[in-house]
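Me: I'd like to go through this model with you, one question at a time. Shall we begin?

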Amino acid sequence: MENYEILWNNALDVLRNTASSIAFSTYISKITPVDLEGRKLVLNVPTELFAREIANRLLDKILQALKTAETGVTSVKITVGDSDKDYLHKDDEVEPLLESSMEINPRYTFDSFVVGSSNKFLYSAAKAVAEDPGKNYNPLFIYGGTGLGKTHIMHAIANYVKKENPTANVLYATCEKFTTDLITIIRQGKGSASGAQEFRNRYRNVDVLIIDDVQFLANKEATQEEFFHTFNELYSQEKQIILSADCHPSQIATLSERLKTRFEGGLMAQVVSPDIETKIAIIQRKAEERKYIINTEVATYLAENSSDDVRSLEGLLNKVIFASLLHESPITISLAMEAIKQAVSSENKEVMTTTNIINIVCNFYDISKNDLLGKKRNKELVEPRQICMYLMTELLSIPLMTIGQAMGGRDHTTVIHARDKVAELIQTNSRIATEVNDLKNLILKK
């Protein structure tokens, strides 16, 4: 079977659930994939009547199905019979080369950010930037260890700007995404004027540009060159630039001096580990968001037994909450102490626990590991896959990217989507709520 046939079959799995049975049997089932031209899938239909119906009624569903199935296909070409002519082609249309932008998480706001003595400076600087983008502290460079709230505060800025000015063009992307988009353009050929223009339109026609994890500019000369010109273009137009890294610009390997100078030319805000009082406040705030009340004694115990990052705090809190659910007992200091004893503490155990969750979900739904981690998009696989990612985010104190890798190499935005989707379903679908609770009990008992 050719690769284009595999891609189309994956899209068909989605279309069976999203298109009407009449549309599927009458039109979609008669479509034949015949070729793949770059990221454009070539589909053949028997008559122009078919082509017209697909173009007018089903094209959007087909494109969405190809996206949902994670095929990488960004457009389609429809041919009729023996002709190679593209029925959809218009001279003024330009095929998009870049995949969609990354989403801003609506849950990360200034209101949900716990402010303490350790991060008060960062909070104040971020709020000033959000209230008057491009005028105060440009660029804002946030640096510090993982799990300390850098991503949260950047999304908070984005959400604030969008709320105050809905027409503002705010773009959030990781440095990895910036690099991937640039590689896509280079792969298409530097002579592709439309591709280069699409890239620049995305990253330069914005009011606020937020780039996470810029330490990944290290050892990437072409990316640094393009980033330099993007930075200059935005800065000259007084557009706000917000950057984050896990270290000071001076510590990013092989970062060009001209970029270091620009990064350090605005406001440098270091994220430091929260003090004990801030940790306690974070634990109690996170518990309230989950509809739980954690008294000061329990919160203090968790704070004293956590690592220096917020992610560790959330991991311990999750353990205590699920121990409470498992034993159907209120959260007391004794329950918390017992839960922490059983908490996974080493990286190797975390990886092993990730594997255990996958195995338990596969057994529960009677599906294979290959299907769970694969790309098929039929409902009986998508639902368990999303639940599996949700359980990992709830039960494990590990990065979203690690979860994505464990789930077949998916990116962290897919994990976020799965987590939020299942969290929503738990509130509205009693079957899903019951299954998730049963799975939690199985995992915790194991």
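Predicted model: local features only at pLDDT ≥ 70, side-chain atom pairs only at ≥ 80, totals over all residues.

Me: How many bridges join strand 6 to strand 7?
Reply: Strand 6 covers residues 208–212 and strand 7 covers residues 240–245, and the two run parallel. One of the bridges pairs Leu 209 with Ile 241 of strand 7. The number of bridges joining the two strands is 4.

Me: Which strands are at the edges of the open sheet of 5 strands?
Reply: The sheet pairs its strands in parallel, in the order 5-6-7-4-8.

Me: What angle does the direction of helix 4 make with that of strand 8?
Reply: Helix 4, residues 120–131, packs on the sheet and touches strand 4 (140–144), strand 7 and strand 8. Its direction and that of strand 8 make an angle of about 140°.

Me: Is Gln 224 buried or exposed?
Reply: Gln 224 is found in helix 8, residues 221–236. Its relative accessible area is 7%. Buried means under 20%, so Gln 224 counts as buried.

Me: Which residue has its backbone oxygen 2.9 Å from a polar atom of the side chain of Gln 224?
Reply: Leaving out residues up to four places away in sequence, Gln 224 touches several residues, including Ala 218, Asn 219, Thr 254 and Leu 259. Leu 217 is also among them. The backbone oxygen at 2.9 Å belongs to Leu 217.

Key: Residues numbered from 1 in each chain as written. Heavy atoms only, no water. Buried < 20%, exposed > 50% of the residue type's maximum accessible area, 1.4 Å probe, protein only. Contact = heavy atoms within 4.5 Å. Polar contact = N/O pair within 3.5 Å; in protein donor to acceptor, adjacent residues only side chain to side chain. Pairing = 2+ DSSP bridges. Axes fitted to C-alpha atoms, helices over the stretch in contact; angles between N-to-C directions.
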